[in-house]
Amino acid sequence: MSKKVNLTIDGISVTVDEGTTILNAASKLNIHIPTLCYHEDLCVAGNCRVCVVEQENSRTLPAACAMPVSEGMVIHTNSGKVRVARKHIVELLLSEHNADCTKCYKNGNCELQSLASQMLTGDHMFLDLVPDKQYTIDIFNSALIKDDSRCIRCQRCVRTCEELQSVSALGVAYRGNKMKISTFYEHPLFEVVCTNCGQCVNRCPTGALIERNYVDQVWDAIYDTSKHVVVQTAPAVRIALGEALGMPPGKIVTGKMVTALKRLGFDAILDTDFTADLTIIEEGHELLDRLKRALVDKDPKVALPMATSCSPGWIKFLEHTFPELLPNLSTCKSPQQMFGALVKTYYAQKKKLDPKNIVSVSIMPCTAKKFEANRPEMRASGYKDVDYVLTTRELAIMITQAGLEFDKLPDSNFDNIMGASTGAAVIFGSTGGVMEAALRTVYEVVTGREIPFEDLNILPVRGTEGEVREASLLITKTKPEFRFLEGVELKCVVANGLAYAKEVMQNVKDGKANYHFIEIMACPGGCLGGGGQPIPTNKEIRSKRKEAIYREDAGMPLRKSHENPDVKEIYADFLVKPLGHKSHELLHTHYTPRKRY
Amino acid sequence: MSESKLKRVDLIFGEYSSEKYKVLADTLKRPNDEILDDLLESGLKGRGGAGFPTAMKWKLAADEKASEKYVICNADEGEPGTFKDREILTRVPRKVLSGMAICGKVIGAKRGYIYLRGEYSFLLPELLREIEQYNEFLKKLGFDFPIEVKLGSGAYICGEESALFESMEGYRGEPRNKPPYPTTSGYMGKPTVINNVETFVNVVMIMRLGPIQFKLLGTSDSRGSKVFSVSGDTPIPGIYELELGMPLERFVEEFGDGDTKAVQVGGASGFCVPRKKFKETVIGFEGVPTGGSMMLFNSSRSMYNVLHNYLDFFEEESCGQCTPCRVGCQQLLKGIVAVKKGDKNAIYLEQLLKLSESMKITAKCGLGQSVANSFSSIVNNFKEEMIY
């Protein structure tokens, strides 16, 4: 047991574990100390100084987020000295900040703004430094916008990019009055190693890092009567959208979301879950094919382990960081892009629509999907497969703009075709979900039996944040055509967050890993913690989203991708067979090696 | 100016033995406790300016249990108006190396580093030659304590000890949160003693003279002597070793040009003392401490320009990490300009003085906490020069 420390905060005695910070000790007493640079997902920086408190017998005011408690410490969190100092600090931040809030995308969801309003900073105390600064805005990226004039240099983004993602696209440049958050040689984001994962966006306290929004473009498409606007919604959107519309984390709002989309005026509300299931069929067969070529044909060119390819942040990360391992990536497009390619081919045929009149919109928990949709290879239908990608947050904006009282909306069902879903698709939204969905199907394809886990819950592959989860599955009593897998122990690994992805791939590169199948999600917790999800984010919120996902899965009548009726139909009517000619044309892709600098 | 009024001392630069590294050789034979006792008895405080008791720092590091420990000599002499470490490293590098080795023995470190200011790279060839001789000598003694030099890259902030570690480790020079302090977690996260160049020389001096004799110099709060960098409006600028605890008045009598209106003690981050306070001001830890910089200004100088110059320096040299220092320096600079130009009322200076007080208590590091010293002491004492 750890040592206990006694201290007094605002006259109240409290006993906490040694090493606790003043900030956390105060929160035990329900005293909220304001913070800006502090984020519970990240290491302590202690650089904004907003959380300073008064410590008796100390000349200086320590930062509550960084100062550990000590025995007999007497702390005042709201003394006159503290109030003056905090106000000075917030005023200083505002003086460097382009505080034109009504022109800011984060207006109403900005931590600096709420602090300013709390502190009644109406009458700015100091000189406005903004006019003398040569702030730049990086608008050259299809996914993210970086506006230095809104930046308060808290370095949350820098720590996110380095600690959580090990990408380090963002760093600190220059010093003193010129100090700023920048990229390698100040190149625009699209020219550097940035994966567009958007984790920095989720943690930016102001509007300095935001997604490029396509709200107006989508409205225009909806209003254009000559267009048939199709929308697909990713699995992780339905368990988080409520948060951005005033509901508590962990609410499943699938039915309300579909109603809202209909009311917004989309012509067809379809489900990315459908192509998630389709991905499992294609990717599962691709894995079996690779295994066969390796084990039976002894083909030395087969790249194993095979890694999932649904997470576009992960794809770009691999392209930059381990370009030599690109052959290990499944050639399957992500569900979003499979969907886009099918909307303008299969769906158009079935619905007798001219693909050039279809506008394909996706709602994603992700900012990297915006970049993905703009990749030149994502035009298999002859058109841009996905025209606009909106984040969960942007959908919430549209719902608010339309004046819909979201929590009072009735439930509706997805349209068809391409609207059917299974539990296997739903769990794509959580780390380990693709692996679990794939195993549910692959095992059955290989053995003809259901995977031997209670209620199909393959708990060993359900990853958690902050770990690399390894699991193995012994395959026995195979069907005759899969005899080569008899007795094979299928080795899997699941990782979320690019820092852990890097660890896994380094092991693969060094030949230290003997996996068959790798699932990687770029974001902490998987898509549920995606860069396009509602802000704020923290471990507690993400774990509630995760619970919701598995609750949704458990409640679905169909739990296995190969049981999805729309999937069965598309193979019967259009694709013919997994990895067939049409599949290759529409559902598979290739990757581009990129440089790190 | 008649005869010398201040006691000149020649302990730092003097040569007292024809035998090289004699003090080091003698000290290495002594038990660690005895060395620490002597240091404690001497009352030596760090010569970088902050004045932390050296014996206590060494004891804290000695008591830490760790596989690796380090001794670092802070030779990132960047404070405007300070140039004494350069002189020490040029003339008596042997004493610096000896002091570091003694520290290494006491705390149980196997390695020492000199973090040399980038602009002092011209000292490097001589310094490396001396280190070579030192290494040879140590080999003969059978004591293993190699010393290396690491060069800074020109950032003022890297004189702050934790920013210096970051820089040495190859990162951007930004101060760390404290605690943990360097004696617990310093360079590479290991217990580290980091002292100023002059402090190490003082250690050697104490080892040679004994604490009793060392204590004959200075006052009860400020033991010993100190090397001062004297500059500005003085007929005799240069490096002087003087007894600590002297009244500023006597210093000005000796070094001033007869028309001294203010002395900036401790460099740009130090305090400006106006003529009317010369008498009551003592140079030492009980009064105005200094890392050695003494800048004299006569009545031809505009204190507005002096302050503008300092703030200009800090606006650029703040690491930019914490809000009070990064933005505060810009506000102070732009603020005095606005008042001077009449864009802001004189009363705005009061607002800025309050800000400077906040900066002193909320900045993340020691340097950030001291950047506003010159502002408040100059504005408080020369308000009319700021306005008219």
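Predicted model: local features only at pLDDT ≥ 70, side-chain atom pairs only at ≥ 80, totals over all residues.
Q: Where should I begin with chain A, and how many helices and strands does it have?
A: A count of elements is a friendly way in. Chain A has 18 helices and 17 strands. Its C-alpha trace spans about 80 × 60 × 50 Å along the principal axes.

Q: Could we look at one residue? Is A:L245 buried or exposed?
A: Here we count neighbours around the residue. A:L245 has 22 C-beta neighbours inside 10 Å, and a residue is buried at 20 or more, so A:L245 counts as buried. You will find A:L245 in the loop between β10 (228-233) and α7 (254-264) of chain A.

Q: Which residues does A:L245 touch?
A: Leaving out residues up to four places away in sequence, A:L245 touches A:A396, A:I399 and A:F406. Take A:F406 as an example of sequence and space side by side: A:L245 and A:F406 are 161 residues apart in sequence, with 6.9 Å from C-alpha to C-alpha.

Q: What are the domains of chain A?
A: The assignment for chain A gives domain 1 (4-78), domain 2 (91-211) and domain 3 (215-274 + 336-408). Between the centres of domain 2 and domain 3 of chain A, taken over C-alpha atoms, there are 28 Å. In their contact, nine residues of domain 2 of chain A meet seven residues of domain 3 of chain A. On the domain 2 side of that contact in chain A, four residues are nonpolar, four polar and one charged.

Q: And which domains does chain B have?
A: Chain B is assigned domain 1 (22-215), domain 2 (225-298) and domain 3 (303-387). The centres of domain 1 and domain 2 of chain B, over C-alpha atoms, are separated by 26 Å. Their contact involves 14 residues from domain 1 of chain B and 17 residues from domain 2 of chain B. On the domain 1 side, α4(B) gives the most, with three residues. By class, that side of domain 1 of chain B has three nonpolar, five polar and six charged residues.

Q: How do I read the crossing of α4 and α8 in chain B?
A: Look at the distance between the axes, then at the angle. The axes of α4 (residues 84-91) and α8 (residues 197-209) of chain B come within 9 Å and cross at roughly 50°. That angle is why α4(B) is oblique to α8(B). B:K84, B:D85, B:I88 and B:L89 of α4(B) make the contact with B:V197, B:E198 and B:V201 of α8(B). These residues divide into four nonpolar, no polar and three charged.

Q: Lastly, how many residues does each chain give to the contact between chains B and A?
A: For an interface, count each side and then ask which elements supply it. Chain B gives 29 residues and chain A gives 29 residues. On the chain B side, α11 (303-317), α12 (323-341) and α13 (348-362) each supply at least two residues. The largest share, ten residues, comes from α12(B). By class, the side of chain B that touches chain A has nine nonpolar, 13 polar and seven charged residues.

Methods. Residues numbered from 1 in each chain as written. Chains lettered and ligands numbered in written order. Axes fitted to C-alpha atoms, helices over the stretch in contact; angles between N-to-C directions. Helix = DSSP H or I, 4+ residues; strand = E, 2+ residues; numbered from the N terminus. Parallel < 35°, antiparallel > 145°, perpendicular 65-115°, else oblique. Contact = placed C-beta atoms within 7 Å. Nonpolar A, V, L, I, M, F, W, Y, C, P; charged D, E, K, R; others polar. Domains from an automatic or database assignment. Buried ≥ 20, exposed ≤ 12 C-beta atoms within 10 Å, placed from the backbone.
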